[in-house]
Amino acid sequence: MSNWALLFTLVFVAVTVFLSIKQKLGLERDITVGTIRTAVQLLIIGYVLHYLFDANHPIYIVAILLAMIGVASWNAGSRAKEIRGIRLRIAIALACTETLTMAILLGFSIIEPTPRYIIPVSGMIIGSSMVVAGIYLNQMKRELESARGEVEALLALGASAKQAIRGAVKRSVRSSMIPTIDSMKTVGLVQLPGMMTGMIVAGADPIEAVRYQILVMFSLSSAAAITAMLLSQISLKLWFTKELQPVRTK
């Protein structure tokens, strides 16, 4: 793609801003900031990846993965920033998910142990897990607010904190995994995912692109389950005060 062609993609941004102004949505500033950040961040990571691929050193791979986990944890944690310690729990969940998933991919020689494979696949795993964590936190907040009376009644009857919010946790885990499962049901029929499309546009054989996309989809389904279930367990106590009362999130 030429620089001129890339520049013309700003037409899409202009359309979005125009519709925001016409409908008085007040999103013009956010759209502008998002556009600038997207361009700057992607250009920077492009140069960083170019250097990392040439260097091919494990310490650089670890460093960029830790940075990804840190940013993802901070972003997902903003969904429940009133819950103290939630970002640390998210970071632990994402780190465990990334470690387990990558151990399988590398252990069975599914992907090559090089930055060119590890970093992009890890980015998709961490990014997807971040979304799962954010959905889980949003749903837990709604569950606690709507079922506060039920939870307090169970606690008064002698139930433990884990027993009192078991139903809320189960529903929240389920909700956080549904988008990933729905994507698996419609992939190839409703949407052609980014990795597969990118490979095809770059000239790769469509069958080879499909194989890699299947790898990614299966990995993301596992990552979603690990992230949601692990986060639900290690953050359980954070939803209660020291007096064992449900934390108010509004």
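Helix 5 and helix 11 cross in a right-handed sense, meaning that the near helix is turned clockwise from the far one by less than a right angle. The structure is a predicted model, in which local features need pLDDT of at least 70, side-chain atom pairs count only at pLDDT 80 or more, and totals for chains, interfaces and linings use all residues. Residues are numbered from 1 along each chain as its sequence is written, and side-chain values use heavy atoms, without hydrogens and water.

**Packing of helix 5 and helix 11**
- Helix 5 (residues 86-107) packs on helix 11 (residues 206-234) at an angle of about 145°, the axes lying 9 Å apart; axes are lines fitted to C-alpha atoms over the stretch in contact, and angles run from 0 to 180 degrees between N-to-C directions.
- Contact (heavy atoms within 4.5 Å) involves residues including I90, A93, L94 and T97 of helix 5 and L215, A223 and I226 of helix 11.

**Faces of helix 5**
- The buried residues (under 20% relative accessible area, 1.4 Å probe, protein chains only) are I86, I90, A93, L94, T97, E98, T101, M102 and L105.
- Because they cover an arc of only 145° around the axis, they lie on the same side of helix 5; the arc is that of the directions from the axis to the C-beta atoms.
- Turned away from this side are the exposed residues (over 50%) L88, T99 and G107.
- Cover for the buried residues includes helix 4, helix 6 and helix 11.

**Helix 3**
- The buried residues I31, L49 and L52 belong to helix 3.
- Just after helix 3, N56 has a positive phi of about 50°.

Methods. Helices (H or I, at least four residues) and strands (E, at least two) are DSSP runs, numbered from the N terminus.
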